[in-house]
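Work through the exercises below with the sequence and the 3D structure at hand. Try each task before you read the solution that follows it.

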Amino acid sequence: FPSHDIDLIKFRDRKFDWFYIAVDAHETFIRPTYNSNAPFEFVNDDAKTALQFLSNIDEVCLILWTSMWEDDVELLEEWLASHNIYFQEFNQNQYEESTEYANFDSKFYFSLLLDDKAGFDPSVDWKTVIREFSSVTVAR
């Protein structure tokens, strides 16, 4: 996880409304169950804390990026809401449209991807997320 200051001013200058964070579910913030009837469980306390923290930053838009079926996503969103965690989008970013330089029709725009398959290690990286975003907190 690269350590650098999160420069939200740059995103405002580029006319982005938010810092978009796409977050995979399984093995990133919840444990895989391989059973749609199994209860959800955070991979660790840091995942829960970080997502609660990010849910309260006005400048952050959380995008749930997962291959879960929509019925399961609805259950997940209800469970997350009971923990004060809120995603604004599901597998899309309706807020950023294609430009003359980028086509966001088939690949949506995000500023940061948190996914175990992209190298995110939840055992250490959730602490880094909290540290890096701690300077930009503005409660919703």
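**Exercise 1. Find what percentage of the residues of the protein count as buried, and describe the exposed surface and the contacts.**

Solution. Of the 140 residues, 41% count as buried, where buried means under 20% relative accessible area, exposed means over 50%, and partly exposed lies in between, with a 1.4 Å probe and protein chains only. The model is a predicted one, in which local features need pLDDT of at least 70 and side-chain atom pairs count only at pLDDT 80 or more, while totals for chains, interfaces and linings use all residues. Residues are numbered from 1 along each chain as its sequence is written, and side-chain values use heavy atoms, with hydrogens and water left out.

The next step is the surface: the protein exposes about 8300 Å², and carbon and sulfur atoms supply 48% of that area, as computed by the Shrake-Rupley method with a 1.4 Å probe. For the last step, take the contacts (heavy atoms within 4.5 Å) between residues at least 6 apart in sequence; 77% of these join residues at least 24 apart.

**Exercise 2. State how many helices and strands the protein has, and in what pattern they follow along the sequence.**

Solution. Begin with the count, which comes to four helices and four strands; these are DSSP runs numbered from the N terminus, with helices being H or I runs of at least four residues and strands being E runs of at least two. Then read along the sequence, where the pattern is α-β-α-β-α-β-β-α.

**Exercise 3. Describe how helix α2 packs with helix α4, and decide whether the two are roughly parallel or roughly antiparallel.**

Solution. Two packed helices are described by the angle between their axes and the distance between the axes. Here, α2 covers residues 45–55 and α4 covers residues 125–133, and they pack at about 25 degrees with their axes 8 Å apart. The axes are lines fitted to C-alpha atoms over the stretch in contact, and angles run from 0 to 180 degrees between N-to-C directions.

Now apply the cut-offs: angles under 35 degrees count as roughly parallel, over 145 as roughly antiparallel, 65 to 115 as roughly perpendicular, and the rest as oblique. The helices α2 and α4 are therefore roughly parallel to each other.

Finally, look at the residues that meet: D46, A47, T49, A50, L51, F53 and L54 come from α2, and W126, K127, V129, I130 and F133 come from α4. By class, this contact has nine nonpolar, one polar and two charged residues, with Ala, Val, Leu, Ile, Met, Phe, Trp, Tyr, Cys and Pro counted as nonpolar, Asp, Glu, Lys and Arg as charged, and the others, Gly among them, as polar.

**Exercise 4. Decide whether A22 is buried or exposed, and list its contacts beyond its neighbours within four places in sequence.**

Solution. First locate A22, which is found in strand β1. Its relative accessibility is 0%, so A22 counts as buried. Leaving aside neighbours within four places in sequence, A22 is in contact with I63, W65, F108, F110, L112, L113 and L114. As for L114, this residue is 92 residues from A22 along the chain, yet their C-alpha atoms are separated by 6.2 Å.

**Exercise 5. Find the phi of E27 and of N91, and place each residue in its loop.**

Solution. Most residues other than glycine have a negative phi. E27, although it is not a glycine, has a positive phi of about 70 degrees, and N91, also not a glycine, has a positive phi of about 55 degrees. E27 has its place in the loop between β1 (19–23) and α2, and N91 lies in the loop between β3 and β4 (112–114). E27 is partly exposed at 36% relative accessibility, and N91 is partly exposed at 30%.

**Exercise 6. State where Y86 is found and which residues it contacts, leaving aside its neighbours within four places in sequence.**

Solution. Y86 is found in the loop between α3 (70–81) and β3 (89–90), and its relative accessible area of 40% makes it partly exposed. With the neighbours within four places set aside, Y86 is in contact with S55, L62 and A81. For S55, the separation from Y86 is 31 residues in sequence and 5.7 Å in space, C-alpha to C-alpha.
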